[in-house]
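I opened this entry to record what I looked up in one chain.

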Amino acid sequence: MKKAVLLLTTVISALGIAMFTASCKSDDYWKDKAVGNAREYLLKNTRNLTVLQREYIRYNKPVIMAEDILGDYPDAMSNNLSTSLSQVCITWIIPGEKDAYIVFGTSGSHLVGWSPIRLIVKSFTPIDRSLLAAIGNARSYALNNLLYLDVEPRNIIRFNTPKLVKTNFIVDLNQDGTKTPEQVKAEEKALIQTSMVWQFNVAGSKVIVCGVGSEKLGDWRPIFGRQVTDAELKAHTVVPAPKPVVKPAVDKKITVPEPKMVAPITEKNVTVPAPKAAAPVAKVTAPVATTKK
């Protein structure tokens with residue numbers, strides 16, 4: 001009996017020491033351990049990276065993205081213990097690569113016990129905030145002003161993304177009467193008319209919110225909204241001018257004249273005149289002088 005009590009006491013003490021030791025580990029410890037596991041998982045499951053890219057992953061810090069699944073994700077400055085379950089993405093963005101390499105896993109908010117689940121290769125496209133703001137303004141205008149719509153069309157406007165169409169409806173840019181004619185003309189030249197179109201389940205039935213703004217929908221504002229038919233929308237749709245077709249440059253054929261046949265040169269019998277005989281040279285004998293004795 002004493003041995004059983006002693007054994008139980010020893011086990012409880014060991015568990016207490018283990019729990020105390022684990023609780024004393026800092027957040028940086030669990031963070032470094034999670035990053036190490038993610039780095040090992042990424043290098044093991046990628047074969048298309050070059051040696052330099054693998055070295056970049058091995059020796060550079062990643063970006064950690066987290067979002068709560070259950071509970072609330074605590075602030076970075078908070079020291080309160082949290083039992084929330086979070087999805088944590090440890091991400092490397094390699095220079096020169098358009099894709100980000102994301103190692104996905106789940107753990108507590110302090111990365112305790114984080115382990116990799118899958119590898120995600122994803123391209124992050126920048127958010128077009130001007131487009132989102134324009135759609136939000138058009139949606140609010142339709143829901144607040146088109147009160148005759150039924151529940152189903154209103155839900156379609158609330159939850160569906162509209163189609164953007166360049167239109168040429170006749171609009172009044174000076175509805176409040178505070179602008180001069182010169183200002184109105186300047187806006188007509190500078191602003192582009194764009195309509196947000198929602199298609200209903202009923203064939204031929206659409207709701208549009210027409211507004212004006214810049215080319216990329218900056219400062220887009222609604223002018224009017226109403227229900228239209230397909231034919232009416234088509235009649236006021238601006239069809240972009242076709243792009244000029246540029247024919248590829250074709251090398252002109254250079255005509256090379258055919259060579260003319262030249263008669264072969266034949267050897268002719270050339271008569272070489274015989275050399276003329278040289279005139280005989282006359283011998284001149286000098287007189288011999290004689291002396292008298």
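The model is predicted. I noted seven helices and eight strands in the chain.

Next I checked helix H2 (residues 27-44). Its 18 residues at 1.5 Å each should span 26 Å, and I found the end C-alpha atoms 26 Å apart, which agrees. I listed the buried residues of H2 as Trp30, Ala34, Val35, Ala38, Arg39, Leu42 and Leu43.

I then searched the whole structure for salt bridges and got five.

Glutamate 55 pairs with arginine 58, with the closest N and O atoms 2.6 Å apart. Both lie in helix H3 (residues 51-59), three residues apart, about one turn of the helix. I put glutamate 55 down as partly exposed at 30% relative accessible area, and arginine 58 as partly exposed at 31%.

Lysine 206 forms a salt bridge with aspartate 230, and I read 2.2 Å between the closest N and O atoms. Lysine 206 is in strand S7 (residues 206-213) and aspartate 230 in helix H7 (residues 230-235), so this pair ties together parts 24 residues apart in sequence. Lysine 206 is buried at 13%, whereas aspartate 230 is partly exposed at 36%.

I also noted that salt bridges with shared partners join Lys179, Glu187 and Arg221 into one network. Within it, lysine 179 and glutamate 187 meet at 2.9 Å, N to O. Glutamate 187 counts as buried at 19% relative accessibility, because the cut-off is under 20%. Lysine 179 is partly exposed at 22%.

Notes: Residues are numbered from 1 along each chain as its sequence is written. This is a predicted model: local features need pLDDT of at least 70, side-chain atom pairs count only at pLDDT 80 or more; totals for chains, interfaces and linings use all residues. Side-chain values use heavy atoms; hydrogens and water are left out. Helices (H or I, at least four residues) and strands (E, at least two) are DSSP runs, numbered from the N terminus. The expected span of a helix is 1.5 Å times one less than its number of residues. Buried means under 20% relative accessible area, exposed over 50%, partly exposed in between (1.4 Å probe, protein chains only). A salt bridge is a side-chain nitrogen of Lys or Arg within 4 Å of a carboxyl oxygen of Asp or Glu.
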